[in-house]
Amino acid sequence: MHQLTYGDIESATDRIAGRVRPVTLAPTDPGSAPGPCELWLALEYMQHTGSFKARGAQNFLQSHRDAGTLPDAGVTIASGGNAGLACAWAAQQQGIRATVFLPATAPEVKVTRLRSYGADVRLVGAEYTEALAACEHFAAATGALPSHAYDHPLIAAGAGTLLEEIHARLPGLDTVVVAVGGGGLFTGVATAARHRGIRTVAVEPANCRALNAAIEAGRPVDVPVDSVAADSLGARRTSAMALDAARQGDVHSVLVPDDEIIRARQSLWDHRRVAVEHGAATALAALTARESSSESGYRPAAGERVAVVLCGGNTDPRDLVR
């Protein structure tokens with residue numbers, strides 16, 4: 001296992017400079033934060049392709065280009081979600097081919113968007129595991145570079161550049177709150193946060209608790225996946241890198257129920273006209289969950305400066321309008 005270091009994130013920061021959009025930070029209204037803390041929202045859903053994944057994908061491909069290891073067959077990934085979109089976008093930026101494998105049941109809107117980035121989309125099987133197997137076979141047969149949604153040091157280091165940007169704008173930051181799926185974003189952010197002396201609050205849906213279960217078991221374990229945020233946070237097992245990052249720094253693992261995720265997402269729309277995916281709202285729900293709804297929500301101390309990462313906005317907003 002590669003243990004992610006702050007040096008990896010420094011390299012990624014230099015590598016992708018000018019290739020991604022700088023994060024926008026928005027202060028919340030006085031009194032809207034839980035208790036007398038200072039709360040900021042990191043609007044990373046405004047990133048290229050609508051999520052933080054663009055950072056890791058760009059770092060992954062640029063690193064291989066710098067090393068002269070980008071194959072003529074291009075890059076390949078099995079993902080119809082944010083990772084697939086980011087990989088296709090980064091490949092288009094690098095002028096290389098991206099072959100993306102999806103189950104044949106994938107929504108047409110995802111296929112269309114992937115093709116808008118120039119990707120060669122292959123629809124295989126009825127489930128993700130079949131698409132993944134086809135992707136692995138394709139990589140072995142053609143020499144295409146296989147990418148991963150989260151479990152790769154270059155992907156995680158790229159995600160960690162987000163914390164560096166937040167810290168540069170909020171040098172007195174005490175705490176960063178981030179949603180966790182497979183653990184790529186968490187690994188990068190927590191590694192950079194540890195270097196900066198910043199606490200990381202790792203938030204998962206109560207029924208998608210891959211990192212929380214790994215911390216409890218002392219090793220990555222498979223967990224059930226059943227949440228409104230499972231489309232982006234529904235990893236069955238976290239990465240060993242993420243567990244290592246959780247053990248190294250000042251990390252709080254928090255679980256929130258689905259009803260509080262839905263409430264946080266709706267609140268962002270009602271009060272700020274921000275439409276994010278449920279995975280992004282999961283981070284905010286750690287702060288806004290009612291005491292009766294969560295045994296492990298995070299309550300900042302008085303005067304604590306907190307940034308919540310709204311990590312993705314690839315969502316259908318029609319259920320928000322009321």
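A salt bridge is a side-chain nitrogen of Lys or Arg within 4 Å of a carboxyl oxygen of Asp or Glu. Keep that in mind as we look at this predicted model, where local features need pLDDT of at least 70, side-chain atom pairs count only at pLDDT 80 or more, and totals for chains, interfaces and linings use all residues. Residues are numbered from 1 along each chain as its sequence is written, and side-chain values use heavy atoms, with hydrogens and water left out.

Let's start with lysine 53, which lies in helix H2. Helices here are DSSP runs of H or I with at least four residues, numbered from the N terminus. Lysine 53 is buried and yet has no salt bridge; buried means under 20% relative accessible area, exposed means over 50%, and partly exposed is in between (1.4 Å probe, protein chains only). How far away is the nearest side chain of opposite charge? That side chain belongs to glutamate 277, and the distance is 8.8 Å. For charges, Lys and Arg count as positive and Asp and Glu as negative, while His and the chain ends are not counted.

Lysine 53 does have neighbours. A polar atom of its side chain lies 2.9 Å from the backbone oxygen of alanine 149. Leaving aside residues up to four places away in sequence, lysine 53 touches Asn82, Ala83, Ala86, Ala149 and Tyr150, where contact means heavy atoms within 4.5 Å.

## Salt bridges elsewhere

Searching the whole structure turns up twelve salt bridges. One of them joins aspartate 66 and arginine 15, with the closest N and O atoms 3.9 Å apart. Aspartate 66 sits in helix H2 (residues 53-67) and arginine 15 in helix H1 (residues 6-16), so this pair ties together parts that are 51 residues apart in sequence. Aspartate 66 is exposed, at a relative accessible area of 53%, whereas arginine 15 is partly exposed, at 21%.

Another salt bridge links aspartate 120 with arginine 122, and here the closest N and O atoms are 3.0 Å apart. Aspartate 120 is partly exposed, with 28% relative accessible area, and arginine 122 is partly exposed too, with 32%. Arginine 209 pairs with glutamate 216, with 3.4 Å between the closest N and O atoms; arginine 209 counts as partly exposed at 22% relative accessibility, while glutamate 216 is exposed at 65%. There is also a network of salt bridges that links Glu44, Arg55 and Glu165.

## Cysteines without a bond

How many disulfides does a search of the whole structure find? The count is zero, a disulfide being a pair of cysteine sulfur atoms within 2.5 Å. Take cysteine 208: the closest cysteine sulfur, in cysteine 311, is 13 Å from its own, which is too far for a bond. Cysteine 208 is buried, with a relative accessible area of 1%, and cysteine 311 is buried as well, with 7%.

## A look at helix H7

Helix H7 (residues 184-196) has 13 residues and reaches 19 Å from its first C-alpha to its last, close to the 18 Å expected at 1.5 Å a residue. That expected span is 1.5 Å times one less than the number of residues.

Ten of the 13 residues of H7 are buried, so the helix is largely enclosed by the rest of the structure. Among them are Gly184, Leu185, Phe186 and Thr187. After H7 comes glycine 197, whose phi is positive, near 75°.

Definitions and conventions:
Helix = DSSP H or I, 4+ residues; strand = E, 2+ residues; numbered from the N terminus. Polar contact = N/O pair within 3.5 Å; in protein donor to acceptor, adjacent residues only side chain to side chain.
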